[in-house]
Amino acid sequence: MTSFPGYTGTILNIDLSSGRIEKTPLSPEDAANFIGGRGLGMKILWDHLKDKPGADPLGPDNPLLFMPGPFSGFPAPSSSRTCVVTKSPHTAPSESPYEHASTVSYANMGGFFGPELRFAGYDGLVVTGQAESPVYLYIDDDTVEIRDASEYWGMGTDEFDKAFLEELGDQRFRTCYIGPAGENLVEYACIINTAARAAGRGGTGCVMGAKKLKGVAVRGTGQPGVADPQIFVAALEEARESFDNPEVYDLWRNAGTTFGLEHFSNQGRQAVRNFREGTFTEAHKLGVEASMKHWVRSFACYCCPLACKKSGMVTQSPFSGLIHDGPEYETGTMLGANLMISDLPGVMKAIYQGDDYGLDIISVGNVIGFLMEAYEKQLIDQEFLDGIDLTWGNVEATLEMIRKIALREGVGDLASKGVKELADEIGQGSHAFAMHVKGHELAAHNCHANPPRAMCYATAHRGACHLNGDDVAGQNFIALADSLGVCLFAVFGNQQYGPLLGKLLAGIMGEPAGNMGEVGERVYNLERLFNTREGFTRADDTIPERFFTEPLTVGEHAGAVLTREQFQTMMDEFYAERDWDPETTRPNAAKLEALGLVGEEYRV
Amino acid sequence: MAHKETLQTHQPGLSRRAFMKTVAVGGGILVLGQGWDVFSVARAQEGGAEYTMILVDYSKCTGCRTCETACSSYNHPQEVGGERMPGLGNPYLSNIKLYPYNPDADVAAVCAMCPDNPCIEACPVEPDPATGYRALYRHPETGAVTSDPERCIGCESCADVCRVGVITPNPENSRPERMCTLCDGDPQCVAMCPFGALTHVTVDTSRDLYALKPDQVAEQLIGQWYGGVE
């Protein structure tokens, strides 16, 4: 393999069906056009499924990609995120010629895994096929092995995190893995690392489970070179200095995203009571002041000066002795306000349990919130719920539902497919409050009082996603950041960092960095091309009915509601600005041409 | 960086007192330049027996590994167009190493600068008659444990007895590596730590958690922080 500036030049391909391990060259052209992370992952996914529209996400053809970015493994602040890219097992268009039609899925995780993959000599890990029995991947520089993981199948992520490192015999291996939810093919299972960080959304863990891949371990000793060390070192110094400012780091170090629990509630933007409301009158019981009483320490991702994660221990409650991180904004809202739970130890227990089973807590909070509402409205009875009295705010019932979902036991089997399938089964108008787009549940942000977020959810390529961007420029920028592997908290929290990314990339990869400006848009359009080929159209770019029909009733923003006209106008403007067909939503020929997405390689 | 702190700020009084003593002794030592004075004075104070080291405040450390990249950049510089500049910070080459644990604890492990020199005592190479040094010796200015690649026989005895487990034999020639150099008097891990978790201090073997292996430190931290809950 020939390395080139900023890249090892090698993609590690592992086919679990045949056991074949192959190192293939990364083309400098793909690196220049798609950079890394989400973008390069999308390109590799496209190449793999080019001739296989409608491929079964849980079949051997669907590749599962672990993609660091070009900053990974260099000390650029807060840029160690690893994007997991695959074809989603959790989305579906309203109509399609393909039985297994679904969107692209991407989810990125912080920590140390991506940098280590680069130290070991790889710009990406592509897993295809399906193992016959549970396995894990062992990657130690050039040594790559598929090893038996049978004894770990069924193990929760917390226990496995420890057992895995013990088996590996060196705490400096970096690992990621699935829990029982992924093994059991819960559609919204996630991938976890360090027992706390997740590639949470879009069912990445479900795809991993279908491959019978319990975990991946990596350790490396090398590092790619850079194009221009002088530019890089100077940019690095500037970047580090830009973070050396309490106005930038104080909030993250002191509160992390937990600050959002009260902040977004006050703005009427929180997901409360299955998104019926935007303000949680008991938000303060889970907020920073309440939560920090059990926090022990902050911990950071690779070379991150923000350290937004808080490790804590519950000391007084039936859950005394529970050690876990959080609550963060998403976890604390989806298993707190969205379920009307304000008992902090109870929320912590639910978060721990969700992470331990390896569930996407955002989707699981939606599923339980939906069922609580259906139960309250008497659309389902206690028998439907296997005897669980699933009332608002009920911690024990919530914990039992989480368990049933992860193990797909009783009602948990249907619930493991998400709110859309639950509403299909329950009927009786329940689709109006099944909070999903394209089958993928909404994150912890309401949009009655935040119209651009409605467009953000409707157009996101993995189904509802709060990190999609609220306008075209924002979407393109986020697609770029996800391709670089830069943390969004860092670029939004430090206004000086965004403008430095180009300089850092120029130091790392040299001249091709000059085209960085169009990469985000190219990635976004290729994702759309993938989705439209699967059969997704404008009819799928929508938001749940609730936002149009039920104004908020609680808090300062009571009365806020979206109108259909407002939403349609916003969407018309969006497609026009994108230069996409307003009905099929397929990017127009001129747009594809301008982005270089033409020729045999991209023919649909 | 906001947390860039010098040795002097951590040892108020020491430099002035030591300075006076040094001047009284003969005054010449200070002209060694580039930070050498601080080592010399620290040892002069206790008759040559004191060393300095990197002290980790585990309660401030977040496990971000910036220290590893700073150490590596300084101690493994690169040459670009004939000019020496900081390396790209490959953490594998770092002399300070971060070990993560579950429940959450991060332990940065670095040479403890043991005053009784177990690693040097273990070196079987005969002392050089001219210098009195074995193949492993204390650097005359910094006190850092230093390997003499010309004389080292690669027996790994030093690594075997290292209390912290820092000394790592090179995979190819078995010569000892990863001993802290103190970066010529301005330790870069201390300078670059975003959280102010590292300081450059005089060795005091009675300090809590002194010269323990990362696993031992982690066990104690987890006990303190999480009440020993596993």
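This briefing covers a three-stranded sheet in chain A, a helix of chain B that lies across it, a helix pair in chain A, and the overall make-up of chain B. The model is predicted. In chain A, the strands β13, β14 and β15 form an open sheet with antiparallel pairing, and helix α8 of chain B lies across these three strands. Elsewhere in chain A, the axes of helices α2 and α21 come within 9 Å of each other.

**The sheet in chain A**

- The open sheet has three strands in the order β13-β14-β15 of chain A, and their pairing is antiparallel.
- Strands β13 and β15 (323–325) of chain A stand at the edges, where each has a single partner strand, so one side of each is left without a neighbour in the sheet.
- Averaged over the sheet and with direction ignored, neighbouring strands are turned by 20° against each other.
- Strand β13(A) is joined to strand β14 (residues 309–313) of chain A by four bridges, and the two run antiparallel.
- Within this pairing, S298(A) has K310(A) in β14(A) as its bridge partner, while W295(A) stands opposite G312(A) of β14(A).
- Strand β13 (residues 295–299) of chain A is largely enclosed by the rest of the structure, because four of its five residues are buried, that is, they have under 20% relative accessible area.

**The helix of chain B across the sheet**

- Helix α8 (residues 214–226) of chain B lies across β13, β14 and β15 of chain A, and its direction is at about 130° to β13(A).

**The helix pair in chain A**

- Helix α2 (residues 37–49) and helix α21 (residues 516–534), both of chain A, have axes that come within 9 Å and cross at roughly 35°, and the crossing of α2(A) and α21(A) is left-handed.
- On the α2(A) side, R38(A), G39(A), M42(A), K43(A), L45(A), W46(A) and L49(A) take part in the contact, meeting V523(A), Y524(A), L526(A), E527(A), L529(A), F530(A) and R533(A) of α21(A).
- Sorted by class, this contact of α2(A) with α21(A) has nine nonpolar residues, one polar residue and four charged residues.

**Chain B as a whole**

- Chain B contains eight helices and 10 strands, and 53% of its 230 residues count as buried.
- Among the contacts in chain B with a separation of 6 or more, 62% are between residues 24 or more positions apart.

Technical notes
Residues are numbered from 1 along each chain as its sequence is written. Chains are lettered from A and ligands numbered from 1 in the order in which they are written. This is a predicted model: local features need pLDDT of at least 70, side-chain atom pairs count only at pLDDT 80 or more; totals for chains, interfaces and linings use all residues. Side-chain values use heavy atoms; hydrogens and water are left out. Buried means under 20% relative accessible area, exposed over 50%, partly exposed in between (1.4 Å probe, protein chains only). Two strands pair if DSSP finds at least two bridges between them. Axes are lines fitted to C-alpha atoms, for helices over the stretch in contact, and angles run from 0 to 180 degrees between N-to-C directions. Contact means heavy atoms within 4.5 Å. A crossing is left-handed if the near helix is turned anticlockwise from the far one by less than a right angle, and right-handed if clockwise. Ala, Val, Leu, Ile, Met, Phe, Trp, Tyr, Cys and Pro count as nonpolar, Asp, Glu, Lys and Arg as charged, and the others, Gly among them, as polar.
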